[in-house]
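Please keep the sequence and the 3D view open while reading.

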Amino acid sequence: MTGTDARTDWDLARVVDELAAAEAGRYDRTPITEEFPGLDLALAYEAQDELIRRKVAAGQTVTGVKLGLTSRAKQRRMGIDAPLTGWLTDAMTLPAGAPAPLGELIHPRVEPEIVFVLGEDLAGPGITAARAMKSVATVHGGFEIIDSRYRDFRFALPDVVADNASAARWGSGPVALSPGDVDLSLEACLVEVDGEVVATATAAAVQGHPAEALALAANSLAARGHRLEAGWVVLTGGITDAVFLHPGTTVSVHFSHLGTVTVTVTVTGA
Ligand code: OOG
Ligand code: MG
């Protein structure tokens, strides 16, 4: 696609329409930036915010924020070396033990994440990792199921930003620790697919410490006029590369102090 495409039929509303339709219709598409070079990072975040406004208008509630591409493993896989944020709504929460709803998703992948629940509001700018941790009530080991609306998870940064950072579902393990009770940079995690270990890392893979990712979220949201709110969940980003979920797959994520959380797949709602 040429960068001089003078089509005028692309605008913010169409970006949101197309991504919402792909999610609802469970199909993937080519990167929007290939047809609409005017989709820059600022417009992409506007599209992301509008996408979530529509979900809220349809009855969903914002429950928190996710970070993406905060570890080298994730950045290398996606070919993008900049972190990003997205929104979480209540419809994305997978209750403990619930199977991943493969029939509602396009090509889901699962990744281990450190999850924070905030005890107080956190507003940038100028938030440091140490300051960020003071607003954390509990720390959990969890997983995120990402489901890019782009074919083969191929996208440029504005594409994935507009697509709400590939957000789809997430779940949390059984353990909740106080931030002072766990050294997150040394918290180990081991990803097992059908009993075979496929990836290991410590949470230091996430920006040196997941608190850095939390601070990054507070500061980058502040630049767009948003703050993190008490009670919200923050997914700090995949610690390892993500693995595909297929019918019959069982993915278990074992954390050294934060317990084990298992994702199984059944076909529902197809
Ligand atoms: C983008 C979302 C990345 C993470 O934790 O790094 C993400 C993608 O890989 O599709 O959620
Ligand atoms: Mg993630």
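## Terms and basis

Residues are numbered from 1 along each chain as its sequence is written, and chains are lettered from A and ligands numbered from 1 in the order in which they are written. This is a predicted model, in which local features need pLDDT of at least 70, side-chain atom pairs count only at pLDDT 80 or more, and totals for chains, interfaces and linings use all residues; side-chain values use heavy atoms, with hydrogens and water left out.

Helices (H or I, at least four residues) and strands (E, at least two) are DSSP runs, numbered from the N terminus.

## Polar contacts and burial

A polar contact is a pair of N or O atoms within 3.5 Å; within protein, one must be able to donate a hydrogen and the other to accept it, and residues adjacent in sequence count only if both atoms are side-chain atoms. A polar backbone atom of Leu 69 is 2.7 Å from an oxygen atom of ligand 1. For Glu 113, a polar side-chain atom lies 3.0 Å from an oxygen atom of the ligand. In Ser 166, an N or O atom of the side chain is 2.6 Å from an oxygen atom of ligand 1. Taken alone, ligand 1 exposes 320 Å², and the protein buries 100% of that (accessible areas by the Shrake-Rupley method with a 1.4 Å probe; for residues, only the protein chains shown count as cover).

## Cavity and pocket

On a 1 Å grid over the protein atoms alone, a cavity is a set of points where a 1.4 Å probe fits but cannot get out, and a pocket is an open set with protein on both sides within 12 Å along at least five of seven lines; lining residues have an atom within 4 Å of a point. Grid points are joined across faces, edges and corners, and a volume is the space filled by probe spheres set on the points. The structure holds one cavity of 30 Å³ or more. The largest cavity contains about 120 Å³ of space, and its lining consists of 18 residues, with Gly 68, Leu 69, Lys 74, Ile 146 and Ala 165 nearest its centre.

About 290 Å³ of space lies in the largest pocket. Its lining has 19 residues, of which Glu 23, Ala 24, Lys 55, Glu 104 and Arg 169 lie nearest the centre.

## Backbone details

Leu 69 lies in the loop between strand 1 and helix 3, and its phi is near 55 degrees, a positive value in a residue other than glycine. Gly 124 and Pro 125 are joined by a cis peptide bond.
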